Amino acid sequence: MTSATRQPETAAETLPPRLIATDLDGTLLRDDKSVSPRTVAALAAAEEAGIEVFFVTGRPARWMDVVSDHVHGHGLAICGNGAAVVDLHGGPGAHRFVKVRELARENALDAVRLLREAAPGTVYAVEQTYGFYQEPAYPKLHMETPDSLAPAEELLGPDHQAAAEPVLKILAYHPDIDPDAFLTLARLAIGERASVTRSSPSALLEISGPGVSKASTLALSCAERGISHEQVVAFGDMPNDVEMLTWAGRSYAMGNAHPDVIAAASGRTVANNEDGVAVVIEQLLAELP
């Protein structure tokens with residue numbers, strides 16, 4: 001398996017970029033969830049210059065219609081914080097899963113139990129390849145109606161209606177704990193049974209399979225294309241982007257980024273509402289020979 005830990009090699013600045021990996025919410029998208037005309041033009045120009053563009057997001061595949069009109073070339077996106085590689089060429093509702101890195105139900109149940117013990121009051125939702133399920137007390141945080149309501153232990157059990165469908169991640173919400181403190185607590189409680197991160201401004205955690213992250217799935221996708229980490233330029237704004245920004249040869253924290261993201265990135269650009277991704281892409285293209 002390709003490591004998602006960056007190793008010291010030739011300076012990234014000496015190699016022209018071959019792939020741009022960008023987060024969506026808070027990064028490529030403006031706060032109103034639109035893709036600005038300037039950003040659309042920059043993405044198209046990158047593809048025309050032979051640089052692949054990968055959308056790398058915590059969103060599930062069914063929420064990718066926001067960028068479906070801007071898919072070029074390969075048409076692939078990394079969704080669910082690395083839990084799935086999806087072909088978006090079919091358009092909204094017709095996507096195809098190319099790779100799935102599921103969270104084993106045993107690990108998911110362990111994570112639920114351990115986090116309930118460490119943080120009483122935590123409530124859960126389950127994100128699967130095609131369905132979304134939640135506990136009755138889980139707040140309406142998403143843009144959809146859950147397919148069923150039940151305790152997490154039942155949602156993840158062998159008798160649930162979607163028991164044969166892969167689990168991509170579980171979502172854990174707490175109404176009172178500070179978001180960063182909740183992330184630290186959950187990582188200590190769950191340990192190596194699962195990967196824990198966050199992308200929401202609220203105390204909402206995203207729990208995936210062990211070793212699953214944006215970085216590790218991006219590393220696999222790049223290895224399949226013969227692309228080294230030095231040839232990757234990455235953009236992000238929240239803790240679920242940290243590993244990807246650390247791995248990429250060049251990386252940019254948005255002007256609106258979380259402090260951990262700013263510390264992890266090798267560079268910084270302006271905020272998402274100021275087209276920070278487009279600003280850097282335009283500079284990169286101007287530097288090409």
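Visitor: Where is His-95 placed?
Guide: His-95 sits in the loop between β4 (84-87) and β5 (96-100). Keep in mind that this is a predicted model.

Visitor: Is His-95 buried or exposed?
Guide: Buried. Its relative accessibility is 12%, and the cut-off for buried is under 20%.

Visitor: What does His-95 touch, leaving out residues up to four places away in sequence?
Guide: Ala-61, Arg-62, Val-86, Asp-87, Leu-88 and Tyr-130.

Visitor: Tyr-130, okay. Which glutamate contacts include that residue?
Guide: Those of Glu-165. Leaving aside neighbours within four places in sequence, Glu-165 is in contact with Arg-105, Gln-128, Thr-129, Tyr-130, Gly-131 and Tyr-133.

Visitor: Where is Glu-165 found?
Guide: In the loop between α4 (152-155) and β9 (167-173).

Visitor: And is Glu-165 buried or exposed?
Guide: Glu-165 is buried, with a relative accessible area of 17%.

Visitor: How far is Glu-165 from Arg-113?
Guide: In space, 21 Å from C-alpha to C-alpha. In sequence, the two are 52 residues apart.

Visitor: New topic: helices. How do the axes of α3 and α5 cross?
Guide: At roughly 125°. The axes come within 9 Å. Helix α3 covers residues 105-118, and helix α5 covers residues 179-190.

Visitor: What do you call that orientation?
Guide: Oblique. The angle is roughly 125°, and α3 and α5 are therefore oblique to each other.

Visitor: Left-handed or right-handed crossing?
Guide: The crossing of α3 with α5 is right-handed.

Visitor: Which residues meet there, α3 to α5?
Guide: From α3, Ala-111, Leu-114, Leu-115 and Ala-118. From α5, Phe-182, Leu-185, Ala-186, Ala-189 and Ile-190.

Visitor: How does the contact of α3 with α5 split by class?
Guide: Nine nonpolar residues, no polar ones and no charged ones.

Visitor: What about Cys-222, from its own side?
Guide: Cys-222 is in no disulfide either, and its nearest cysteine sulfur is that of Cys-79, 16 Å away.

Visitor: Is Cys-79 buried or exposed?
Guide: Cys-79 counts as buried, at 2% relative accessibility.

Visitor: And Cys-222, buried or exposed?
Guide: Buried as well. The relative accessible area of Cys-222 is 0%.

Notes
Residues numbered from 1 in each chain as written. Predicted model: local features only at pLDDT ≥ 70, side-chain atom pairs only at ≥ 80, totals over all residues. Heavy atoms only, no water. Buried < 20%, exposed > 50% of the residue type's maximum accessible area, 1.4 Å probe, protein only. Disulfide = S-S within 2.5 Å. Axes fitted to C-alpha atoms, helices over the stretch in contact; angles between N-to-C directions. Helix = DSSP H or I, 4+ residues; strand = E, 2+ residues; numbered from the N terminus. Parallel < 35°, antiparallel > 145°, perpendicular 65-115°, else oblique. Left-handed = near helix turned anticlockwise from the far one by under 90°. Contact = heavy atoms within 4.5 Å. Nonpolar A, V, L, I, M, F, W, Y, C, P; charged D, E, K, R; others polar.
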